[in-house]
Each structure stands twice: as C-alpha cells, then as structure tokens.
Amino acid sequence: MKKVGSFFRKYGESYLMLGCWFVFFVFFVLIPIAISVVISLTDFNMLQTPEFVGPDNYIRLILSDEIFIKSLANTLLFAVITGPVGYIICFVMAWFINETGKYVRPFLTFLFYSPTLAGSIFVMWTYVFSDDSYGLLNSLLMNMGVIQSPVQWLTDPTYNFYVVIVVILWMSMGTSFLSFIAGLQSLNKSLFESAAIDGIRNRWQELWFITLPQMVPQLLIGAVLTISSSFAVGSVPAALTGNPSTDYSTHTLLLHITDYGNTRLELGYASAIAVVLFIIMVVSWTVINKALHSLGKD
Amino acid sequence: MKKIVSVITVILICFSLLFSVSVSAKTADTVRVIKENERVTLSFEITEEAGYSISITYSALKGRNVSPQIAVSWDNPHTDSEDEIYDLPRTWTDVRVGERFKQDDYGNELSPTPVEKKSEKTVIIMPQNEAWETGFPLTVGEHTLYLEMLQEGVEIKSVSVNKVKKLESYEEYINDAKAEHSGTEKGAQTIYTDAELLHEKSHLEVAVSYDRSSPNIHPSEPSRIRYNILGGSSWSSVGQWVSYKVNVDKAGFYKFNIVYRQRTVAGVDVRRRIYIDGTVPFDEFDCVLFPAVKSFTSLTPKNDNGDCYIYLDKGEHEIKFEVVLDSLQDVIGNFQKVLKELNDLSSRINVIVGEGVDLNRDYDFASSLPELVPTLTKSADALSEIVADVSKNSAENGSQAARIEEAVRLFTKMSERPNDIAKQIDYFRTQLYDLASVLSTMQTQPLELDYFELIPEEAQTSVEKENIFSVILFRAKAFLGSFVDDYSSMNAVGEGEEALNVWVSLGRDQAQVMNQLITDGFTSTTGIPVRLSLVTTNIMTAIASGKAPQVVLNLASANIADLYYRDALVDISKMQNIDKILERFYPSSLTSFKYDGALYALPQTQSFQMMFYRTDVFKANGFAVPKTWDELYALLSKMQNNGMTMGIAISEETFYMMLLQQGLGLYNDDMSATNLTDNRAVEAFGKWTNLFTKYGIPKSFDATNRFRTGQMPLVLNDYSFYRTIKVSAPEIQNSFAMAPLPGVKTENGINHSSHTGVSGAVIIKSASDDYTNAMKFIDWVTSDDTQTKYSFNSEIRVGISARVNTANKNVMSTISWSRSELDAITAQWEQVVQVPVSPAYYYISRNLNNAFRRVVYQYEKPIDVIYRYAHEINAELDRKRAELNIGGGK
C-alpha cells in the first residue's frame, strides 16, 4: 500500500497527463480494432444479430474473392509506385526549396503544400481528364490532332490507373513535406563545416553522411505518413474513376471495405478485409523503420 | 385624365371554333367563356388610322394554378410569334393571421399560403415589339382580332379597342389637382405600409422572403424569421404586379418614399409602373426607374422640378406596382434581331464544319459562306449600339455591357481575319449562348421592396435609421441565437411526449412545408402529435443503434429493399382501407415495395425519363419528333449531317428501356436469376451499345449545356430535367418541349416502356407492436389532399426547382404543368415499369457498366460480354439470397 502511494506521488502527474490521451486511444483506436477483429469472425448484415462463422470470411477472402486479390494488387501497386516516388519527390523538393532565399522559401513551400491544404481540390482533375470531347485534355489533344475522338480517361481501364497515379503524386506534398523542410532548417551547420574539413567530396556525400542521419526523426514521421496514406488510397480513385471503377481497375482495399460495408451491407466480411489491411500496414511500417535506422551507415 | 379614349365598339363576335354562327353583341354586356385552346374572332370597324390598344376585362376560370395565356393577333389567324402571347393573370392574395403571418412553435413566421381570389380585372394589351409605345397600327376599314387561349380558360366580360393617347405630364396633373383641391387641411400623417403585407398579387410566384441581416429591414428579430421583404427574382417578369390598400385619414398631397433594393442582377436598373386606384396618374409614374443598389435605399419618384406629389382623398386607396420594360423594349427588339441572325449563321456554319472543328482543314468560308463576314460586321455594329443604349439607361456600368462588348471584340476579330475563323468557332458558339443569357437577363426586372411610405407635404419619414451600435448588438444576438436554436427538429413536440417520430430528408423549406401541413391537417384532426426531424443520416445505422424513428419519408426504393430484406420494416398490406389507398398510384410504383406477399411502403415520388427536344431547332430544320427508335435513328443521321447530335445517357436506365420494350423483365418470375442471357436481352444489350458505337452518340456530355446551345436538340433525360432547364436556361423557356420516349412498334401500338424510380414512406419495426398511428400517418401523407397541398406549397415557396414529382396520379394534374406537358408526362407515366430491386441490385448497375465499357472501349462481342457478366451477376444474386435466407437459400 505504501509502495503504491509513493509511486503515485512520484509519477502521478505524468500518468494523469498521459491519461487524457490514453482514454481517447483506448476508445477510438484499441476498442474499434478489437471489435472489428471480433466482427470479422461473424456474418453480420447490420440489422440482424451477427452469426458466428469462425474463419469463413478469411477463407472466402483468400480463396474465392477475385476482386479482393485485384484490389490487393492495386493497393500494393499504388503503394509501391506512389509511396517511394512521392516520398523521394517530397524530399528532393524540400531539399531544393531549402536552398532558396528566405523570401522565396515560404512562398514556394506554400505553393507546393497548397494541394494538400485545399483538401478535396483534386476533384478539379475530373475536369482535366473529363471524358467529354470538351474535357480539357481531350479538347487539347483533339485540337493538336493527336486523337480524333475523346479518350475516356477515367472510365477506360486502359488509362484510368495511370490517371489516378498522376493525381496521387500531385497530392503527395503533404505533411511529410513540411516536416522535411522543418528538418532541413534545423540542421547543425557546424557539422557541414567540419565535414568539409574532414574531406567530404561532393553534395551527394554531404547529403548521405551529414544531412540524412541528422534527419532520421523527420524521415521516419514522413515514412509513416506516406505509408498510411498510400495504403489508404481510396477517396481519390473513387472520386475520379467512380466507385467501383470499370472492372475494378482502380479498386483498392479501402474501397473494397466500403463496398462491402456500405453497399453490400456485409459488415463481417468488411471487417475481415480491414483486419488484413491493418496487418499489411503494420508489417510494412516495421520494415521501413528498420531501413531508415540504417541510414548513413556504411 | 384617362390614358385611353374609347372610339370603337365591338361589332361582331363569332365562335369560329365551336359553330360558325355570328352573334351580334355590344362590348359592355358580352360574357363569353373561352376555354383552353379555344379561339374567338372579333371584328372591328376602324374609322381613323392610328395606333390602338386592346383592353380586355376578364376573370380567370378555376383551373390549374398557372396564369392563363392568350395569343392576340390582328387579321392573321395563324401566327406563332412570341410577341403575341400575353398573360391574363389570376388574382392571388396571401393568407394572414391578424396583421401578420402565422408562426411556428419557436416564434418563426411561416411563409404565407396564397389563395386565389375570384375577381374581375382589366388588362391593357400593347404590342410587345417596336410599336410598344404607339400601339397596334390599324388602317381605316374592318379588322379582325383573333384571341386564342393557349393555356387555361377565362371568362371575357368585354373587349374594346382604343386609340392610344399620351398620358398627361406631372405639371398638367398637379396644376389641375391644385386648382381643384386648394383648401386641403393641415396635419396629415405619414402612412407606412410593409411591402410583405400585400393586398393582391398577379402571380403565385411573386413571394415574400426574409432577410435578418440588419435591424434596418422592417420588421426584424435577431434570431427569429420575419418575412419582411417582397419580391426579388420572384417578381421580375413583365406583367407581374402587387397591390396594397392604404388608408388615408386626411385628404391631401402625398409623395412616395419607397425603400427598395436591386442586387439580384448586378448593375441592372429595373422599372415599375405605379397605379393609384387603377389608373396611372401621370407620365412620370408610367415608368419609374429603380437604379441597382446593393442595400435598401429610399427612392422618391421625381421629375426635373422636384418630387412628384399625388392627391389622395380621405378613405381607402389601392396602390399597385407593375413590372414594365418600357423603353428597354426597343433595345431588346434590336438585340433579338441580331441574335437571330447570328444563330442562323451559326447553324449554317455547323452544316459546313460539323460537330468537331477540324483545324487542319481550310473551310474556305469566303466561297462556302460568303455572307459570313458581312453578317459578323453588321452584328458587331448593332451590338455596339445596344451597349451604348444599355449604358445610357444604367447608373452604374453593369456586367451585362461588358459581356456584350466581349462578343463584339470576337466578331470584329473574326471578320478582320476570315482565314482564322475555324479556330474561333467554339468560342463563337459560347459567345452566342452568353449573348442569349444577357438578353434574358435584360428582360428580368427583379426588385425587392421593404416598405413604402406616403409622406404628406411638410412631413418627414416615420422610420428612423438604427445606429451602428444597435446594428452590432443585433448581429451579436443573431450569432448567439444560432447556438441555441435547434435546426433539425421542425417543431417543438417534446422528447417525453408520446409522439410519432418521423424522419424526412428533404430541403429545409420543403420540410417546413410538410411540418405546417402536419400541424394543420394531421395533428389537428387525429390528435396525434408528430415530431418531424430533418435527418440525412443513413437510416441503417440509426436502426442498428436503436435510435430509429417510427416513420421515414421519401426513402429510395433500393434503401427500402435493403431494409425489408433484413426484416426491419412493417408489413402494411393488412392496413385499413389498403385497397382504396393503393388506387392512388399506378401499379408500376408498387413493384419494388412488394416482397414475399407483403407490402412495405407507400409511394411518394416517382421519376422516369422523357424525351426533351428543342422546338425551334426542330422547326428550323424540318425535323419531326420521333415516336419509334427507327424514326430516331433516321433523325439522328439527319442531325449529324447538320452538325448536331443527340443526348442519351449511358445509364443502365437506357438499357432497361431497351429491355422492357422487348417485352422482357430484368429478373425471372421468382427473382432467383436475371434474364440477361435471354435472346431478347442480348438484343437489347446490342441496341444499347450500338447507340454509342454504330450511331456515334457521345458517351459523355453536359446535357444542360448542349441542349441549351442546340448542339443536342434532343435529349433523353429524367423528367426533372424540365426543372433544370426552366431554372438554368431561361433563354430557351419557350422553345423546348417534352414527349414520350421513343418506342418499339407492336401489334397494340407503340411500346414506350421505360424504368421508373420510386421513393416511399415506410414504417420501421419497433419493440412496441402498435403501428396504428404510423399507418394513419402514411395514409394521410400519401393522400390526394396532402400531396396536392405539399406540391403547391413547396413550389410557391422554393420556386419551380422544387416541383414535386409526385407518385399520386390524381395530384399530377394539379401541378402547374401546361396542358401539352401534362399530356406528355401522363402518356409516358402510364407505360413505365419498375425493374424490381433484388438483394444484389448494386451488382446489376456496376456489371452492366463494365459490360458496356468492354464492348464500347475494347470492341468485344456484345453476346460474349453479356453472358460473362450475367454469370457474375447471377452468382452474386445466389450468394446474397443464401446470406439473407431468401427462397430457402441455396
């Protein structure tokens, strides 16, 4: 009893402060995840009592749902293409912008960050890629004589995947971009001087041995954000190419979840997909974490 | 004093349509009823060559709520120029409780319900063209006047033809009046009248509105609704008038102080004619100009020598404000002429270049269209003159002038560089619509009135302006009020009370109308309190969390099916009087509400596709309205030769139409599988895809825009498209029509079937097993009386955009459709069929889309594609039936 009392005297305040956040974490993160794991083992149509079916949903998911495999492939493709590319573009742009003067820098930062700031402004791309012959891109190409009749950029499965990738890359200058800029600003200048004295030969070496190791925290947060956003791709393809898209050509796991949850009203199955997506994200984050901690090491 | 001196009397009246017997009659005691589409011929002996006006005294016959319309023409029975169509408006008045309007439970005023008043009115008809001021020019001799009712009927009391005489000037008027009433008593008071408290009005759509942004608008309350303004865009067309009764205590000379605002159309000055006791006292009141202003401003009609006073006796007087165009008519007439020439030119260009302009081709307009450059130069000059006229009338230079100038610049550029015309054609087309919309904007004369005063000589206005602090305080109160007010519940029926919970997802105005109807028509007669809430959340989640209401209104049929497949709805097939209730609807609206021998909803709205076409384009090109698909295909190739095309959406509805016209349903009888592999379905699928491959109809387009430009003079669309066009394309108001969809010839005539979407009222299952009140409620909601009132009130409150697509067959005819529109809608309505909603309904549309795209984008064989997707759909349907235990499952 005495021990407990002294423990609280010593650490009580810290736990109190932690507590506020912890309550939210438990109620809005932990419990929903747990519930969704439980629901994924049932057959639940939202109105009638759920029926326990064991691992049936997972078996169906892996063995007989072609669309799941397709959307998993799409999600991974989106993640692999837009994740690293977006991440690198983010860093390179941040690096360039950081080199500009103190008046130009905030302006450029704002310019590149604004697509993210404006939220669902990406819908404007539907005008660029409109299927109509008066759509911006179609009319431009037709005027130039490149195409004769309008291309259905958004509904033809030959093109719509690439259109979505372009738009996602355009939007990738997100929060991670800001944290990169902040990170580049806070670098220790004296290290560069001593590195120059110690024999750094070019900017690439400087980047690799001095800049990046100093920026691991920012790179890490950027990586987490990029991963979660590239696995959670859904609203962009849905808004651009329709939900579901032609022959599920831009269907992602997230859209597959909403399809089963909202349209087909099979919450058990939708939860099973969500659990799978959760596991994939945890695994990939662990891998990236390991990779980033080896930065700057020979 | 009188504007018109009567010189001629009617000699002969004969009903040429009914019997060709001549009846002699004098003007004054002629009473004739002219019904819709009937014509009267009158002969007049004219003894003096001059300009004449026609004066018609009439009262409107009871009918639909639209204004009666009459076509007037001299000596020529067959004209269809828009210039000759006039409104003979009904007389309406707003229902008030005491001085002001009825209030709801929270103290908000409710918008007043207009009621029609049987009354006799006289309309003076002047030409609507360049002779607007001088009257119809008639030579000496006998002339025949043709009067034809185009819409609704009237009872004509008298018709007389009078020589037009100029009104006397204010100086003449005031000198006469001063001489006549020299010894007026002193001490007269300023008379204040709120504009929203009108006595009579000519059109239903002229409505009151509210603005609670400032305490300077009278009356106002910071966080409660007070209807304190009259007019706005609702009071803007020529011929619409509003009248007021004012009580004058002391005879004397009064001047007007009218507080108004005109910001509805930026930079456009508007005009009103002022009548005192039925006559315009002097020329200055014939057309009073209200300059555009952004906030409420005082205006006193005046001439060069100062304010204009009128003499008023002791007693009640009627003051009437009427929308007029006056001198603007000259400008508009010129404008119309220029626009017509340009439109003709544009269609001739279309013939040469087709729909898409090929920039790499030399069209050689100098030889193929020699009149092109001269017409452009001439139009540019004429438009420049119009701009000068418009700016002359305008106090501030409006955006309208700028838009015309932009067109002038383009036309000049095109005529200067004829070799580059091809590059400009798209922009040229855009400029033409823009000019058309400028023209229609110029003809609207919106005006908002707050109040007006009659101020005697030596007196002041009775209204004081609030200071800045009270304005700030007012705004602060309004802001704080927004935290307290409950916006989702429509009435104050408390949580604890035993009330019927009803959810509705409508616009706020419509929900308010519904709430008012419930209080007046349901709760007051049955004693059942109803808590109506405006909720847009998914009803599914509400039921899952146990927060569901007892009744949900306006739920779409797919959502209803989702609920009854999951056993969440109450079967109403055993309801009292159900057979009688179902007589209100077409059987087509009930298909998806029936499942397994039970009935789960009563239909409220029903929508279906119609064929829309541009009457002007059809007439100019000699097109006939197609009745069958074969005719449509033939017309399509004619249109394509003229650089036009048709608008048919790639929706599954188009496929359903093809399918139903083959005489086949989407599902088999027990809904266990689709019929998509049937030969007829394959054929329908082929027809559907052929439209976009073989016939080259655009796969993606903006129907509203291309319809208004005439590039798509024929569009198949939901009949709510009518509302869209009415609201967003005012310039083609009178040049489009609706017809039933094209069909397929069968032995029993043409099969026009198509799919219909329905929404309905449902009762949600709850723990208490008593649904009597809920059943009474949905019976009441779908009844003829309620639906009639609901559609009437929401349309007058929100405007034509809120026109209800009712599912009740007795109500449709009470809505303000014109006769021909109503006939077309009914013809289609009788033939619509609803494709039932299966538990896998979502899978049909997505897979039909996929199948369509496979054929149209990837050029695969339709029959292979439809078989493949039919298999997928059937598999999902089997799975879903097993999941929901339908038909024993598989």
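How much area do chain A and chain B bury between them, and what share of that area is on carbon and sulfur atoms? I'll start there. This is a predicted model, and the figure for the two chains is about 2500 Å², with 47% of it on carbon and sulfur atoms. In terms of residues, 28 from chain A are in contact with 32 from chain B. Six salt bridges are counted between the two chains. Glu266(A) and Arg879(B) meet through their side chains in a salt bridge, at 3.0 Å from N to O.

Next, salt bridges in the whole structure. Over all chains, the search finds 50. Within chain B, take the side chains of Glu116(B) and Arg90(B), which form a salt bridge at 3.0 Å, N to O. Glu116(B) sits in strand β10, residues 114-117, while Arg90(B) sits in the loop between β8 (85-87) and β9 (91-94), so this pair ties together parts of chain B that are 26 residues apart in sequence.

Now to helix packing in chain A. Two packed helices are described by the angle between their axes and the distance between the axes. I have two pairs, and α14(A) is in both.

The crossing of α13(A) past α14(A) is left-handed. On the α13(A) side, the contact is made by Leu253(A), Leu254(A), His256(A), Ile257(A), Tyr260(A) and Gly261(A). The α14(A) side contributes residues including Leu267(A), Tyr269(A), Ile273(A) and Ile280(A). By class, the residues of this contact are eleven nonpolar, two polar and no charged.

The second pair is helix α1, residues 2-39, with helix α14, residues 267-293. Their axes come within 7 Å and cross at roughly 125 degrees. From α1(A), the residues are Ile33(A), Ser36(A), Val37(A) and Ile39(A); they meet Leu267(A), Gly268(A), Ser271(A), Val275(A) and Phe278(A) of α14(A). That contact has six nonpolar, three polar and no charged residues.

Methods. Residues are numbered from 1 along each chain as its sequence is written. Chains are lettered from A and ligands numbered from 1 in the order in which they are written. This is a predicted model: local features need pLDDT of at least 70, side-chain atom pairs count only at pLDDT 80 or more; totals for chains, interfaces and linings use all residues. Side-chain values use heavy atoms; hydrogens and water are left out. Axes are lines fitted to C-alpha atoms, for helices over the stretch in contact, and angles run from 0 to 180 degrees between N-to-C directions. Helices (H or I, at least four residues) and strands (E, at least two) are DSSP runs, numbered from the N terminus. Contact means heavy atoms within 4.5 Å. Ala, Val, Leu, Ile, Met, Phe, Trp, Tyr, Cys and Pro count as nonpolar, Asp, Glu, Lys and Arg as charged, and the others, Gly among them, as polar. Buried area is the accessible area (1.4 Å probe) that two parts lose on being put together, summed over both. A salt bridge is a side-chain nitrogen of Lys or Arg within 4 Å of a carboxyl oxygen of Asp or Glu. A crossing is left-handed if the near helix is turned anticlockwise from the far one by less than a right angle, and right-handed if clockwise.
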